[in-house]
Structure formats: structure tokens, C-alpha cells
Amino acid sequence: MSKNTEVIQQKDMQYYMHNYANFKTYKEDRSVIYAKGEKHFIYDNDGNRYLDGLAGLWCVNIGHGNKEIAQCMAEQAQKLAYYNTFGDSSTAPAAELAAKLAALAPGTLNHTFYGTGGSMANDSAIKIIHYYFNMLGKPNKKKVISRNLGYHGSTFLAHTLTGIQPTHDHFDLVKDLVHYVTAPYTYHEAGDKNEEEFCDFLVQELEDKILELGADNVACFIAEPILGAGGVIVPPEGYHKRTWEVCKKYDVLYISDEVVTAFGRLGHMVTSYNKFDFEPDVLVMAKGLSSGYIPIGATMISDEIFDVISRPKSDNPYFSHGFTYGGHALACAVALKNIEIIEREKLCENVLEQSPYFWEEMKKLEDLPIVGEVRGSHYMMGIEFVADKKTKAHFDPEIDITKRIYKNCKERGLILRPIDSVCIISPPLTYDREAIERTAHIVKESVLAAMEEVEIKV
Ligand SMILES: Cc1ncc(COP(=O)(O)O)c(C=O)c1O
């Protein structure tokens, strides 16, 4: 390790409080300082190269170091990096991107409100929905139904929407706003039920929850099509459409949080409609929208919502919600260029083409005694580790099995992300056969090495 790296690490430890900082280990586990990226490879400050099995954080969909994006940034920055889009100001990139998103999104999702990331986009979704029901003269329709293990962000409101209970420890939440239902986690939650019965249970539970809270009090249901940070959980077949139908029955709006799944990760630009056959009332996007080159998030709303909220009130005509950097010209220009690249380079098609081989290779890991399940879809994958395949019991947290696997993968040149008992893989959409082969090989070797470390015999 170079001296320069040590200096950066020292400053990093002393002055920079990380996202999701681990205050137990941050003094021993010096940070890896990433310095450069190229397509699906990432380099640390000492020049070591890794396959980026995580696409930064499920976001660098077009891959790192894209020169076209850099050029687009430079051109837009020289022309006009920023102007506010409050009231009657706008810019061409903000308008063009909104029009492009309307063309990509299903049904009547034709109106985009911008922010700078996924949490903010979810906050906006809730505020807009509350405003909508206020305008309709239904001020009690305020409660939100979310799911255990759902992840919707870290602002005060988005953290409350998030159903990963340990993340709530020692924080306060928005009181009595959000109510959680069971995660559609067949592997752990289905018990004796088969997938169909489990789906029936989940759909009924949602309906019961709406009735328990009172349909007149429930504003919306928020759900990721595939739960990401909660452990890459794929709901049972038919779940999306059936939960959407329950929502429609009770005038409960459906927010589809596609912060991770949109822009190609599952082989489609938008998955709610194209893959799961339903049309949400609100669609939330971020991450792959700019492939992480610049912070941007989008909350798309239907014509039906827009028609109501855009009626000027007699007392105050303003929709008093907006951010300095919402509709940022440079960010919107980058997002437009990013979408152009995904389409032109046929990255969705690459995901659809490579996925069968990717899954065939990765599913083989289930033969290992500590791999409980390899699940997900296309370029969104979670590998769950268990100490006992029959009971599905997890390892003692002290063993930190997934962190061991993460470290072993890193030593062998692959970055993935350990979250509790699951290792997450969600690579750039440029991942090709060679990268897939190498990933499968490294993960297997790393799991075997971890088993040896904790003295588990094959
Ligand atoms: C599904 C989902 N929604 C929302 C968010 C929050 O996005 P951000 O971190 O950009 O605020 C994330 C972040 O990982 C996410 O995975």
C-alpha cells in the first residue's frame, strides 16, 4: 500500500463520517480508497483492479469511465450548469428528460418531479399523494403501507418507509404514519405454504391491513418490484398485479419504488409494467437514471394525480414543494445521455442475453453446504448463506460469514456487498460472459475459503 493511500485513509477515518458507518470496525478496517473505473472494472488507489460486482451501489449501469458522459458534462457545464426551475423557469435538459421519461413509463405516468436521489424522490411521492387527497377533500387518507425488509431510503420520511427494522434502532420515525406488512420472502416467511398459498396470504394480509386501518385513512402502498437492500427478495408469481388490484379496489395509490430496478437491471427500462404487468400511480426512479454519474432522482405521477394537484387553489396557487437542485440542468443532461447510451448500446438486450448463463453459473453455488439460496432476477442477485440448510438458520453474527466472503472475493479481484446473511451482486449492465465466468469462479473459491476459515468440511 502506498504512503499516499495511508494518508488518505487516515484523513478518511478522522474526518469523513461514512454512509452507514460501521462504528464497531471502522478503526481496524481501513477503507478501500477507490480511484478509477473503467467499464465493469474498478481500481483502488494502489492500482489493484477489481470486477465491480455491485455497479457502485446498484447504480453504475452503463459502466465506469464513460467518455461520452464526461463530454456531455463538460459541454452542459460550459453552456449552463444550473438554473432554478421554480415557478416559470426551466431548461431544455429538464424538459427533454421529463418528456423522455413519460415516453418510457407505462400508462398515464406523464409528469416528472425531480430531486437528487431515491430518498428524496420517495419523500416527494408521499407529500404529493397527501396533497392530492387533501385537494380531493379526503384529508384523513394519509397512512402508508410498506413492507418489512423494504428499503426506501434514509431521509426522515424515507427511513420511516423503510421496513428493515434493525436500521430503525436508536432513531426516531414519523409516528403512526407507516404500517408494515410481511415481506414477500418465500424462502423464510412461507412456512408450510407453497408459493401460490403464500401469495394468497400476502394479498389477503394487505387487504386486511387496509380494512384494519380503514380505507378512508390509507393513502398508499409503497413497494419495490424486487426488494433490494432487504436481501434481493423476489415476490411470488402474480403478487405485483394482485396487490395492485387490491389497492385499486380501496382507492389506495400504488408507489412502485424502481430506484434499483429501472434502467436495465432486469432487462427493461421500467419493470413495473413491462415485467410485472401493473401500472403504478407513482413511479420512483434514481440510481440507473444517471448511472451514478451525477445525483438525480425522479418521482413520476399519473395524469389522474396531476389533474387534481394542478388545479389552482383560490387562496394560494403554489404547489409549495421544491428543491434548489430539483431539475438541475447538468444532471438532467447527463441522465438523458445515459438513457441514450443504454438504448444505443443495447444494454437491456445484453442483460437479457447474458442472464441465462449468469444464472446457470451462479445457481451452481446452491450445491455448497452453506449456500441456502441464490435468488433474484437478471443482473440483481442475492446469495443467502445459512449455517443449516434444513432449518435455514443463519450463522452466528460473530462469525460474520458474509464479510469473510466479501474479503475473500476482494482479495481475488471482485467487489460484492455483504448485508447480514446475504451477499449482493448487481453489476454494471456491460457485464459480459468473461466477467460472469470470473465472478462465478471467484465467489465459489471465496465461499470455500470462508468455509475453511470457519472449519466447515465439504
Ligand atoms: C429501492 C430504493 N429506494 C430508495 C433508495 C434511496 O435512494 P438514495 O440512497 O439515492 O436516497 C434506495 C437506495 O439504495 C433503494 O434501493
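**Entry 1: Thr-182**

I looked up the side chain of Thr-182 and found a polar contact of 2.7 Å to the side chain of Glu-205. I take a polar contact as a pair of N or O atoms within 3.5 Å; within protein, one must be able to donate a hydrogen and the other to accept it, and residues adjacent in sequence count only if both atoms are side-chain atoms. The model is predicted, so local features need pLDDT of at least 70 and side-chain atom pairs count only at pLDDT 80 or more, while totals for chains, interfaces and linings use all residues. Residues are numbered from 1 along each chain as its sequence is written, and side-chain values use heavy atoms, with hydrogens and water left out.

I placed Thr-182 in the loop between strand S6 (178-181) and helix H7 (186-189). Helices (H or I, at least four residues) and strands (E, at least two) are DSSP runs, numbered from the N terminus. Thr-182 counts as buried because its relative accessibility is 14%. Buried means under 20% relative accessible area, exposed over 50%, and partly exposed in between (1.4 Å probe, protein chains only). Leaving aside neighbours within four places in sequence, I listed the contacts of Thr-182 as Arg-147, Asn-148, Glu-189, Phe-201, Leu-202 and Glu-205; contact means heavy atoms within 4.5 Å.

Phe-201 came up again under charges: the charged end of Lys-193 sits over the Phe-201 ring, 4.9 Å from its centre. The criterion is NZ of Lys or CZ of Arg within 6 Å of the ring centre and within 35 degrees of the ring normal. I noted a further case in Arg-49, whose charged end sits over the ring of Phe-41 at 3.8 Å from the centre.

**Entry 2: Ile-62**

I found Ile-62 in the loop between helix H2 (55-58) and helix H3 (67-80). Ile-62 is buried, because its relative accessibility is 3%. Not counting residues up to four places away in sequence, Ile-62 touches Ile-69, Ser-291, Tyr-293, Asn-338, Ile-341, Ile-342, Leu-347 and Thr-430. I also checked the C-alpha separation of Ile-62 and Ala-450, which is 32 Å for residues 388 apart along the chain.

I compared the span of H3 with expectation: its 14 residues reach 20 Å from first C-alpha to last, close to the expected 20 Å. The expected span is 1.5 Å times one less than the number of residues. At the start of H3, a side-chain oxygen of Asn-66 comes to within 2.9 Å of the backbone nitrogen of Glu-68.

Which residues of H3 are buried? I recorded Ile-69, Cys-72 and Gln-76. Viewed down the axis of H3, these buried residues fall within an arc of 60 degrees and therefore line one face of the helix; the arc is that of the directions from the helix axis to the C-beta atoms. Lys-67 and Gln-78 are exposed on the other side of H3. The cover over the buried residues of H3 includes H4 and H12.

**Entry 3: positive phi**

Most residues other than glycine have a negative phi. Just after H12, Lys-346 takes a positive phi of about 50 degrees; I placed Lys-346 in the loop between H12 and helix H13 (347-363). Asp-251 has a positive phi near 60 degrees and lies in the loop between helix H9 (239-249) and strand S8 (253-257). Asp-251 is partly exposed, with a relative accessible area of 30%.

**Entry 4: aromatic pairs**

How many aromatic pairs does the structure hold? I noted 13. Rings of Phe, Tyr and Trp (its six-membered ring) pair if their centres lie within 6.5 Å; planes under 30 degrees apart count as stacked, over 60 as edge-to-face and the rest as tilted. Phe-23 and Tyr-26 form an edge-to-face pair, at 5.5 Å centre to centre and 80 degrees between the planes. Phe-23 is exposed at 55% relative accessible area, whereas Tyr-26 is partly exposed at 32%.

The rings of Tyr-82 and Tyr-325 are also edge-to-face, because their planes stand at 75 degrees, with centres 5.6 Å apart. This pair links distant parts of the chain, 243 residues apart: Tyr-82 lies in the loop between H3 and helix H4 (92-104), and Tyr-325 in the loop between helix H11 (303-309) and helix H12 (329-344). Finally, I recorded a cluster in which ring pairs link Phe-221, Trp-244, Tyr-254 and Phe-278.
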